[in-house]
Amino acid sequence: MVGDSLVHAGHWEDMFPFLSIKNYGISSDKTFDILNRIQPILNSSPKYAFLMVGVNDLKRIPISEVFENYVKIIQIFLKNSIKVYVQSTITVLGYKYPERLKNIKMFN
């Protein structure tokens with residue numbers, strides 16, 4: 001499991017006790033952060049990567065840059081024979097963050 005606080009908060013081992021799951025979710029993480037710490041993830045020799053990140057990026061970073069980082073992350077996983085599952089970026093309250101909600105919808 002790779003991503004931001006939404007991934008970090010998951011009790012994946014409890015939900016899937018019959019699987020070996022590592023949680024690489026970190027609160028406030030952005031795609032750039034994952035790229036900077038991808039080696040420890042690769043060192044754990046995962047077969048699969050479930051990726052959900054982006055909501056923190058879209059506060060400050062253009063969608064095109066977030067997308068480029070996503071592509072880089074996915075390419076690194078695929079190059080290392082890791083099957084990738086991309087999950088939608090979770091939306092935020094539209095009345096509170098209308099511009100970010102618009103960006104998240106475009107990004108997804």
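D4 counts as buried because its relative accessibility is 1%, where buried means under 20% relative accessible area, with a 1.4 Å probe and protein chains only. This is a predicted model, in which local features need pLDDT of at least 70 and side-chain atom pairs count only at pLDDT 80 or more, while totals for chains, interfaces and linings use all residues. Residues are numbered from 1 along each chain as its sequence is written, and side-chain values use heavy atoms, with hydrogens and water left out.

**Around D4**
- D4 is found in the loop between strand 1 (2–3) and helix 1 (5–8), with helices (H or I, at least four residues) and strands (E, at least two) being DSSP runs numbered from the N terminus.
- A polar atom of the D4 side chain lies 3.1 Å from the backbone nitrogen of L6.

- Four strands form an open sheet in the order 2-1-3-4 with parallel pairing, where two strands pair if DSSP finds at least two bridges between them.
- Strand 2 (24–25) and strand 4 (83–86) are the edge strands, each pairing on one side only.
- Strand 3 (residues 48–52) runs parallel to strand 4 and is joined to it by four bridges; L51 has V86 as its bridge partner in strand 4.

Notes: Buried means under 20% relative accessible area, exposed over 50%, partly exposed in between (1.4 Å probe, protein chains only). A polar contact is a pair of N or O atoms within 3.5 Å; within protein, one must be able to donate a hydrogen and the other to accept it, and residues adjacent in sequence count only if both atoms are side-chain atoms.
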